[in-house]
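Here is a short tour of one protein structure. Take a look at the model, then read on.

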Amino acid sequence: MSDETVTLYQLVKQDPRYPIEAYVFVREALSFAADSMELGCEPCDSKTDASPVNNRTRRERHLTGQQLCEAIRQFANNQFGYMAKVVLNSWNVNSTSCFGDIVYNMIRAGIMKKSSQDRRSHFDGVYDFADVFQTHFETCDSLVHRRI
């Protein structure tokens, strides 16, 4: 078991509102943001970096709370599709504010970092779960009726 996993289990023991799956999911969404959405990283600058520069060399850049919420939204839709809201709700995650709770718990545990400009409130009210996880999907039934 990795040190981070042990730390996550300790977090869940200290704050049982969210299961370990929610914490792991937020960490994976952060990686998704950096890899797929190209958020949280930028090309290295040869003037400031001693390392050779190529298209694959990236320097870590900080994500805002709003950017991370957007990454989580896209990652949830990619991973769970129409069931995204159901899965998140099963983890007691029902608003972007919950993402802020999870992130700030991980910051306190040393798993994530924050900048001096970051505020817990930056996660509040970024989007409404009902809007982004339900109304943007069509059910199979509605697609069948449209073809008829």
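Contact here means heavy atoms within 4.5 Å. By that rule, Val 93 touches Tyr 18, Ala 22, Leu 88, Cys 98, Phe 99, Ile 102 and Phe 129, leaving aside residues up to four places away in sequence. Keep in mind that this is a predicted model.

**The core**

The largest nonpolar core has 38 residues. Leu 88, Val 93, Phe 99 and Met 106 have the most contacts inside it. Six elements are named as giving two or more residues to this core: H1, helix H2 (20–35), helix H3 (65–80), helix H4 (84–90), H5 and H6. H2 gives the largest share, eight residues. In soluble globular proteins, nonpolar side chains tend to be buried together.

**Aromatic rings**

A search of the whole structure turns up 10 aromatic pairs. One of them joins Tyr 104 and Phe 123. The arrangement is edge-to-face, with 6.3 Å centre to centre and 85 degrees between the planes. This pair links distant parts of the chain. Tyr 104 sits in helix H5, while Phe 123 sits in the loop between H5 and helix H6 (129–133). The two are 19 residues apart. Elsewhere, ring pairs link Phe 25, Phe 32, Phe 75, Phe 80 and Trp 91 into a cluster.

| Residue | Relative accessible area | State |
|---|---|---|
| Tyr 9 | 44% | partly exposed |
| Tyr 104 | 11% | buried |
| Asn 105 | 6% | buried |
| Phe 123 | 5% | buried |

The cut-off explains the labels. Buried means under 20% relative accessible area. Tyr 104 counts as buried because its value is 11%. Phe 123 is buried because its value is 5%.

Asn 105 lies in helix H5 (residues 96–108). Which residues does Asn 105 touch, not counting residues up to four places away in sequence? They are Leu 11, Asp 15, Arg 17 and Tyr 23. Asn 105 itself is buried, at 6%.

**The surface**

Met 1, Val 6 and Tyr 9 make a nonpolar surface patch of about 350 Å². Tyr 9 lies in helix H1 (residues 3–14). Patches are made of residues with over 30% relative accessible area. Tyr 9 passes that cut-off because its relative accessible area is 44%.

Terms used:
Residues are numbered from 1 along each chain as its sequence is written. This is a predicted model: local features need pLDDT of at least 70, side-chain atom pairs count only at pLDDT 80 or more; totals for chains, interfaces and linings use all residues. Side-chain values use heavy atoms; hydrogens and water are left out. Patches are made of residues with over 30% relative accessible area and no salt bridge: like charges are joined within 9 Å, nonpolar side chains (Val, Leu, Ile, Met, Phe, Trp, Tyr) within 5 Å. Accessible areas come from the Shrake-Rupley method with a 1.4 Å probe; for residues, only the protein chains shown count as cover. A salt bridge is a side-chain nitrogen of Lys or Arg within 4 Å of a carboxyl oxygen of Asp or Glu. Helices (H or I, at least four residues) and strands (E, at least two) are DSSP runs, numbered from the N terminus. Buried means under 20% relative accessible area, exposed over 50%, partly exposed in between (1.4 Å probe, protein chains only). Rings of Phe, Tyr and Trp (its six-membered ring) pair if their centres lie within 6.5 Å; planes under 30 degrees apart count as stacked, over 60 as edge-to-face and the rest as tilted. A nonpolar core is a set of buried Ala, Val, Leu, Ile, Met, Phe, Trp, Tyr and Cys residues joined through side-chain atoms within 4.5 Å.
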